[in-house]
Amino acid sequence: MPDLTATNQSDAPINLTVQDPVTGESATAQVYPGDYAIICAEPCFVEHAEADFETGTVVLTIKGYRRRSRSDG
């Protein structure tokens, strides 16, 4: 498993791939330095995003969150 907290020291993007274990469907996207990726699993979804370009701050509202314990699968 890659270290997802590592800093990308180049201008090269990282490749992010997700796969649905039920259908086998997958998607890959490139995330460039200074950008971000949010992955929400249903029923979660991003309801609102507010960006302050002056400070570089983004506030996201994610709805549908349900805390699950690791034993829930």
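This is a predicted model: local features need pLDDT of at least 70, side-chain atom pairs count only at pLDDT 80 or more; totals for chains, interfaces and linings use all residues.
## Strands that pair

Two strands count as paired if DSSP finds at least two bridges between them. With that in mind, look at Gln-19, whose bridge partner in β2 is Ser-26. Strands here are DSSP runs of E with at least two residues, helices are runs of H or I with at least four residues, and both are numbered from the N terminus.

Residues are numbered from 1 along each chain as its sequence is written, and side-chain values use heavy atoms, leaving out hydrogens and water.

## The overall picture

How many helices and strands does the protein have? It has zero helices and four strands, so starting from the N terminus, as the definition numbers them, the elements run β-β-β-β.

Buried residues make up 3% of the 73 residues in the protein. Here, buried means under 20% relative accessible area, exposed means over 50%, and partly exposed lies in between, with a 1.4 Å probe and protein chains only. The protein exposes about 6900 Å², and carbon and sulfur atoms supply 51% of that area. These accessible areas come from the Shrake-Rupley method with a 1.4 Å probe; for residues, only the protein chains shown count as cover.

Contacts tell you which parts of the chain meet (heavy atoms within 4.5 Å). Take the contacts with a separation of 6 or more: residues 24 or more positions apart account for 5% of them.

## The hairpin of β1 and β2

Strand β1 covers residues 14-19, and six bridges join it to β2 in an antiparallel arrangement. The two strands form a hairpin with six residues between them, and Gly-24 in the turn has a positive phi of about 80°.

Now find Gln-30, which sits in strand β2 (residues 26-31). Gln-30 is partly exposed, with a relative accessible area of 46%. Setting aside its neighbours within four places in sequence, Gln-30 touches Pro-13, Ile-14 and Asn-15. The C-alpha atom of Gln-30 is 6.1 Å from that of Leu-16, although 14 residues separate them along the chain.

Which side chains make polar contacts with the side chain of Gln-30? One is that of Asn-15, at 3.4 Å, and another is that of Tyr-32, at 3.1 Å. A polar contact is a pair of N or O atoms within 3.5 Å; within protein, one must be able to donate a hydrogen and the other to accept it, and residues adjacent in sequence count only if both atoms are side-chain atoms.

## The hairpin of β3 and β4

Strands β3 (residues 45-52) and β4 (residues 57-63) run antiparallel and are joined by seven bridges. Across this pairing, Glu-50 stands opposite Val-59 in β4. The hairpin has four residues between its strands, and Gly-56 takes a positive phi near 75°.

Phe-45 belongs to strand β3. Is Phe-45 buried or partly exposed? At 39% relative accessibility, Phe-45 counts as partly exposed. Beyond its neighbours within four places in sequence, Phe-45 is in contact with Cys-40, Thr-61, Ile-62 and Lys-63. The C-alpha atoms of Phe-45 and Thr-61 are separated by 8.5 Å, with the two residues 16 apart along the chain. Tyr-65, found in the segment after β4, counts as exposed at 59% relative accessibility. The C-alpha atoms of Tyr-65 and Phe-45 are separated by 8.3 Å, while the residues are 20 apart along the chain.

## A charged pair

Side chains of opposite charge can pair when their charged atoms come close. A salt bridge is a side-chain nitrogen of Lys or Arg within 4 Å of a carboxyl oxygen of Asp or Glu, and by this rule the count comes to one.

Glu-47 forms a salt bridge with Lys-63, and their closest N and O atoms are 3.5 Å apart. Because Glu-47 lies in strand β3 and Lys-63 in strand β4, the pair ties together parts that are 16 residues apart in sequence. Glu-47 is partly exposed at 44% relative accessibility, and Lys-63 is partly exposed with a relative accessible area of 38%.

## Two cysteines without a bond

The structure holds zero disulfides. A disulfide is a pair of cysteine sulfur atoms within 2.5 Å. Cys-44 is buried, with a relative accessible area of 18%, whereas Cys-40 is partly exposed, with 30%.
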